[in-house]
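Student: Could we go through the salt bridges of this model together, asking of each pair how far apart the charged atoms lie and how accessible the side chains are?

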Amino acid sequence: MRDVVRRFGFDVEYMKLTPGSLNMEAAEIHVDGCLVYRERFGCQVLACGTASPRAYTIMLVREGVASFFGSRVSAQQIVLYPPGCSIDAVGYPGLRDIHYMLTAERVEAAGAERNVDLIKAPRTFSVDPGVDRLDHLFTVLEQVDAIVESRDSTIWPEVEQELMRNFLGLFDAASYGSGWSLPPLQAATKRATETRNYIFSTSAADLDLASLARDLGITRQHLNRCFRENYDISVREFVHMYRLNQARKQLLSGGSEMSVTEAAYSSGFNHLGRFSVEYRELFGETPSQALRRAQAS
């Protein structure tokens with residue numbers, strides 16, 4: 001799955017915020033370059049990064065709810081984002097989504113041929129009953145799903161033409177105001193994002209909640225309200241999950257010199273027994289198991 005995703009330069013990092021499963025898969029159609037990428041979340045996850053610099057993407061929520069830049073996206077909405085745009089999203093337990101990625105060269109050539117202006121920022125589209133364009137797009141996406149499941153690319157060229165026509169139709173809709181841009185960031189979302197970036201830029205072992213609030217010029221009570229609005233957890237809980245995710249990153253990337261003790265202490269944990277229990281609850285394996293698996297690969 002990782003090799004396929006990297007082929008399109010899709011660089012998004014996932015941070016688990018609650019225990020549970022995070023399942024991802026990708027399948028590629030080897031005609032004109034199309035990647036279909038599925039996610040199923042049994043946990044709450046923060047996703048940060050950059051969309052593929054070489055592909056345009058439709059993201060469709062099948063079940064559950066996601067949040068993009070603080071705005072909720074339900075199963076009745078589509079997110080359309082161009083190459084290289086930033087991704088800042090939260091996936092909630094029960095979310096099942098699917099991404100259709102088409103190479104930028106193919107989309108831009110088709111757009112020039114049809115005189116369609118391609119937007120350069122993410123857009124969200126509500127899918128209302130009776131909207132023929134979007135209804136038909138759903139039908140075409142179901143055909144793409146069937147092709148991916150059967151691994152039968154012989155009928156792909158015909159379906160791809162329909163997919164491209166409807167894909168470009170979304171850009172037309174955006175140009176005429178039928179789609180709506182993701183709304184401006186609310187003050188709470190801005191504050192939560194600023195704080196999160198501060199946390200990410202600080203060594204996990206050095207994070208201190210009192211100094212964090214003081215450095216940002218905000219009370220911890222207000223900071224917690226902002227975090228709960230955007231991540232459904234407190235700042236303390238977020239920092240704790242960040243430390244566990246940082247420890248996992250070290251364990252999975254560490255060489256023969258890495259130890260569980262080193263990963264724990266450098267991530268801000270001073271009680272190894274408690275660290276091991278909480279790590280296993282979040283990731284479904286002990287730190288030692290993760291380290292052995294990484295060193296064996």
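Student: Which residue forms a salt bridge with Glu 237?

Tutor: In this predicted model, a salt bridge requires a side-chain nitrogen of Lys or Arg within 4 Å of a carboxyl oxygen of Asp or Glu. The closest N and O atoms of the pair in question are 3.9 Å apart, and the partner of Glu 237 is Arg 228.

Student: Is Glu 285, the partner of Arg 293, buried or exposed?

Tutor: The closest N and O atoms of Arg 293 and Glu 285 are 2.5 Å apart. Arg 293 has a relative accessibility of 44% and counts as partly exposed. A residue is called buried under 20% relative accessible area, and Glu 285, with a value of 12%, is buried.

Student: How many residues apart in sequence are the parts that Arg 38 and Glu 25 tie together?

Tutor: The side chains of Arg 38 and Glu 25 meet in a salt bridge, with an N to O distance of 3.7 Å. Because Arg 38 belongs to strand β3 (residues 34-41) and Glu 25 to strand β2 (residues 22-29), the pair ties together parts whose separation in sequence is 13 residues.

Student: How many salt bridges does a search of the whole structure find?

Tutor: Arg 62, Glu 142 and Asp 145 are linked in a network of salt bridges. For the whole structure, the search gives a total of 13.

Methods:
Residues are numbered from 1 along each chain as its sequence is written. This is a predicted model: local features need pLDDT of at least 70, side-chain atom pairs count only at pLDDT 80 or more; totals for chains, interfaces and linings use all residues. Side-chain values use heavy atoms; hydrogens and water are left out. Helices (H or I, at least four residues) and strands (E, at least two) are DSSP runs, numbered from the N terminus. Buried means under 20% relative accessible area, exposed over 50%, partly exposed in between (1.4 Å probe, protein chains only).
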